[in-house]
Each structure stands twice: as C-alpha cells, then as structure tokens.
Amino acid sequence: MSQPGFDVFLCHNSADKAAVKAIGERLQREGLKPWLDEWELPPGRPWMRELEGQISEIAAAAVFVGPDGFGPWQRVELDSLLREFVSRGCPVIPVILDGVTARPKLPVFLAGMTWVDFGKSDPDPLEHLIWGITGKKRARPPAPPAAAPLAPVPPRPAPVRESAKPPAIAPGPPGPSARAAPQRHPAANAQPGAAAKEQSDSKHKFVALAWLGLAAGGIALAIWGIGQWYEGRTAAPETVSLATKPAPRATSTELAVSPEPANPRAGDLWVTPAGIPFRFVPAGTYTIGSPESEPGRDGDEIRRDVRFSRGFWLAETETTQGQWMKLGLKDPSRFTACGENCPVEQVNWFDAVAFANQLSKAEGLEECYHLTGCTGALGGVTYRCAGATFVGLSCTGYRLPAEAEWEVAARAGTEAAIWTGGLTLKGDRHGPEVDPIAWYGGNSGVTYSGGYDCSSWSEKQFPSQRCGTQPVGLKQANPWDLRDMLGNVWE
C-alpha cells in the first residue's frame, strides 16, 4: 500500500481562512504536508469532486472551529471526512482556534475526541496537533532557566527563545533557521515588571507578522559582556537617534577579529574569534509589547517594562550558511543557491543549541547546553535530543537570547511597531515602511535556482514569481547596528 500524499486535511470555515492558513504554514515548517483547499484545488473544477478524489491520499484530518462556528461547506466536508476517515481508521482532530470564548457544540462523532486548543499555551497547541497527526509525541525543549532576582522585582524565569520559533518577517518556505546571540559570558538578566506577565510574545506581530508571508527558520546567538554586571541598576536605556542611518557594513568575511571592548556602548562592534560580528545591547530598563491600537497586534502583546542587570552581545545578523559550514557542518538550507552569506535555515531548536555548543567548544569556552540522547543529523530538522538542560546564566559560552533580550535588541530603544516608526498595512504582503529595513513576503523575489514559487501570493509589494532568502546585512541597520532583526528568516 502506498503512503498517503498528505499528512493532514485542514477542514475549516472560510471565515477562519487566515488563521488556518497560518497554522498550515507552521505545519509545513515542521516538515508536514497539510492539505488546504486554496493550495490543492485547481480553479474552474467542481470542488466536491476534486476533494473526494484526493481525500484517500490524506492520512488525518483537523477540524477547525473558530468564533463563527462551523460554516455550511465545512459541514459538507465533514460528511465526506466521516465516511472516508472512519473507514480507514484515520485520526480526526477537533481544533479550537484562538478567540473562541466558549467551547462549541460538535457533531456527535467529534464530541468524544481529544481537543487541540490554540487559545491556550499549555500544552503547546502546535505540538499537540502534530502529535495527533503523526501519532508521535516529540521531545519538548527544556524549560527556561530562572534568572537572578533584581530587587525590588520578584524573581521570574527569563525565557530562552527557541531559534526555530516564528519571529522574523520572512519570505521563504516552510523550514526553520537561526540568529546567533553569543552570550559568551552569561546572557542578560531580563525581569518583567511586577504587574506584567512572565513572557512577551510580541514577536508574533512585531517580528513575525504572519500576513507578510512564509518563512524559513534561522539562528540567533547571544553572549555576556565580560564583567558587565549591573545588578540592581535601574538607569534608563540610552537614547538613540533615528535620523542617523548606519552605513552599509562589510560582510563578515571582510571583518578582522577584534578583542572584546572593555567598556562597550550600545551598538559597539566586536568580531569574535569565529569571525562573527556582534553588537552590544546595554543594561537598562526597556518597554516591550505593543499598544492595543497597533495594526496587526496579537492579544498577548501586553506592554510592560523589563530591566537588564547587565549588557550582552548579540550577533549582528542571523547565522549564515558560511558560519554554519565553517564548523564542518553540512549545510541543511533549502536556499543554498543564495550563497554562503545567506541565512542558514531548515534547522530546529536542538540544531540551534548544538551549534551554539560547537561554537563554544571551538573557542575553548564552556558549553551552555547539556544535550543527551541525541539522534539524527545536525541540521535538516531531524536532529532531536531526549534531554537538553541550560547550564545557567553563569555560562561563559554561546547561547540563544531570551525572548525579552531579542525584542529589546530588535526595538533598539524604540517603542513603535517597527524601529523606524509606525506601520501601515496596504495588503497581505505590502508594508511600505518594512521594505527599507527587512526582507519579507512582499519584496523577496529571487532569480537564483531553487526559489520558492510565490506566484500565487496575493498583494505583494513588488511582483515576483519566485521568492527566497537574501544575503544578510543588505537592509538598513537599526540604531544599534543590528541587521535583519525583522525578516529574511524565522529565528
């Protein structure tokens, strides 16, 4: 018997199309092949006949329920699903979308099934859905470490950002990538204000903006500044001028290794022994999150202050394919034709922390992650570990930045939707203010081989038939000289 051509059928009300499509794109980035009508049904043909012809090639079904409940055509799809999937013994998974305030009444055959709820964060709804689709429960990344308390704020955990999560405005197809934030010495202690929730997910709009298109994941690295401890210090962050636009810098291959500056200021450059340029993010108090009036804002982007007790170094761009291969690793990227100065992608969280460890090992530094029971090849999203433990903030090697660290660095002391100011959305992939500072679904056309077919993407800022990643460092840097903080790949 041949293997099914699709992993999961996405049954949904047309009113929930955008939310379901976004989940489908996330499933693609995890290596699954979802079936969505607008992706698989050719125009000009009877949709029901086409659906019945393809349904035998689908291994599972996810039935999405949004705020408007079931749509009329969705009920027709359910009838077809019930006959086909029950006869083949395939899973049918009810999925509640974010925004549903009361659990809806389901058809009898779904009522007894285990739900997946995207209105909750625990258990992780995407991982829960993938478990239902594949029947395999994946290893979860380790819990974030607790940060040292900053008086008078009570101690709370400072989350470590996963490189494979979707934060960057990006063009590419499914698949993860990463920015390297070398925290050679510990990373910054970020503590939310007393009235705020533990962790900001403002990246979902401030950085990710699902409307801008698909993305390939990437890596970000961080490192502590030597001796940069500011325990209990509450000085305001440095002011920055948006009028000064940093000049384009040389590529990393042209940068000479330099010693770590003794008393760095915001945006100061340090080229590590690995030849990777880092920029300094100073200690201070910063505002993260978004106002409720901001276009594209998610409900969990609560505004609050965070304080860093010490500064840290963050890689100037996403980790490149050349930096990845310099450690003797095989390039897992889809967009290899883009070149060695383009982001490495198709990597997951375990790949990212293993890469950080290898950087540390190459420089004789402490490895910041203890990984056990690892299987699969490093790179390519198949690498998994049974156990992963963060050494802690005293680690002197490279690590991934915390969520708050990443957002503060991306904002560079500003508080608007993007660091240049406000954001206007003129279409699904048309944000005029984004073009000068980021690659995204509306401006990422490519001519190299292997580009992603984006001819069907609607409302692009610039017409293009194929899209893909771009060389790092080409767009305007933010006031702290960090580049590609928005766009190019998911980090």
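1. A residue counts as buried when its relative accessible area is under 20%, as exposed when it is over 50%, and as partly exposed in between. Asp-484 has a relative accessible area of 2%, so Asp-484 is buried. Please keep in mind while reading that this is a predicted model. Asp-484 sits in the segment after β17, and its phi is near 60°, a positive value in a residue other than glycine.

2. A second residue is worth a look alongside that one. Glu-459 also has a positive phi, of about 55°, although it is not a glycine. Most residues other than glycine have a negative phi. You will find Glu-459 in the loop between β16 and β17. Is Glu-459 buried or partly exposed? Its relative accessibility is 46%, so Glu-459 counts as partly exposed.

3. If you number the bonded cysteines of the protein in sequence order, the pairing reads 1-2, 3-6, 4-5, 7-8.

4. Cys-368 and Cys-395 are joined by a disulfide, with their sulfur atoms 2.0 Å apart. This pair links distant parts of the chain, 27 residues apart: Cys-368 is in the loop between α9 (349-362) and β14 (369-375), while Cys-395 is in the loop between β15 (384-390) and α10 (403-411). Which hand does this disulfide have? The torsion about the S-S bond of Cys-368 and Cys-395 is about -95°, so the disulfide is left-handed. Both Cys-368 and Cys-395 are buried.

5. Cys-374 pairs with Cys-385 in another disulfide, at an S to S distance of 2.1 Å. Here the link runs from strand β14, which holds Cys-374, to strand β15, which holds Cys-385, and the two cysteines are 11 residues apart. The torsion about the S-S bond of Cys-374 and Cys-385 is about 100°, so this disulfide is right-handed. The two ends can be set side by side: Cys-374 is partly exposed, with a relative accessible area of 31%, whereas Cys-385, at 2% relative accessibility, counts as buried.

6. Cys-454 lies in the loop between β16 (452-453) and β17 (466-467), and Cys-467 lies in strand β17 itself, 13 residues apart. With a torsion of about 75° about the S-S bond of Cys-454 and Cys-467, the disulfide is right-handed. Cys-454 is buried, as is Cys-467. Glu-459, from point 2, is in the loop between β16 and β17 too.

7. Cys-11 has 0% relative accessibility and counts as buried. Cys-90 has 17% relative accessibility and also counts as buried, since the cut-off is under 20%.

8. Which strands does β10 pair with? One is β9 (residues 269-271), which runs antiparallel to β10 and is joined to it by 3 bridges. The other is β13 (residues 312-315), antiparallel as well, with 4 bridges to β10. Arg-279 is a handy landmark here: Leu-269 stands opposite Arg-279 in β10, and Arg-279 stands opposite Leu-314 in β13. β9 and β10 form a hairpin with 5 residues between them, and Gly-275 in the turn has a positive phi of about 80°.

9. For helix packing, turn to α1 (residues 17-29) and α6 (residues 125-134). They pack at an angle of about 70°, with their axes 11 Å apart. The contact is made by Ile-23, Arg-26 and Leu-27 of α1 together with Leu-126, Leu-129, Ile-130 and Ile-133 of α6. Since angles of 65 to 115 degrees count as roughly perpendicular, α1 and α6 are therefore roughly perpendicular to each other. Their crossing is right-handed.

10. With 4% relative accessibility, Ile-96 counts as buried. The C-alpha atoms of Ile-96 and Phe-118 are separated by 5.9 Å, while the two residues are 22 residues apart along the chain.

Methods. Residues are numbered from 1 along each chain as its sequence is written. This is a predicted model: local features need pLDDT of at least 70, side-chain atom pairs count only at pLDDT 80 or more; totals for chains, interfaces and linings use all residues. Side-chain values use heavy atoms; hydrogens and water are left out. Two strands pair if DSSP finds at least two bridges between them. A disulfide is a pair of cysteine sulfur atoms within 2.5 Å. Buried means under 20% relative accessible area, exposed over 50%, partly exposed in between (1.4 Å probe, protein chains only). Axes are lines fitted to C-alpha atoms, for helices over the stretch in contact, and angles run from 0 to 180 degrees between N-to-C directions. Angles under 35 degrees count as roughly parallel, over 145 as roughly antiparallel, 65 to 115 as roughly perpendicular and the rest as oblique. A crossing is left-handed if the near helix is turned anticlockwise from the far one by less than a right angle, and right-handed if clockwise. Contact means heavy atoms within 4.5 Å.
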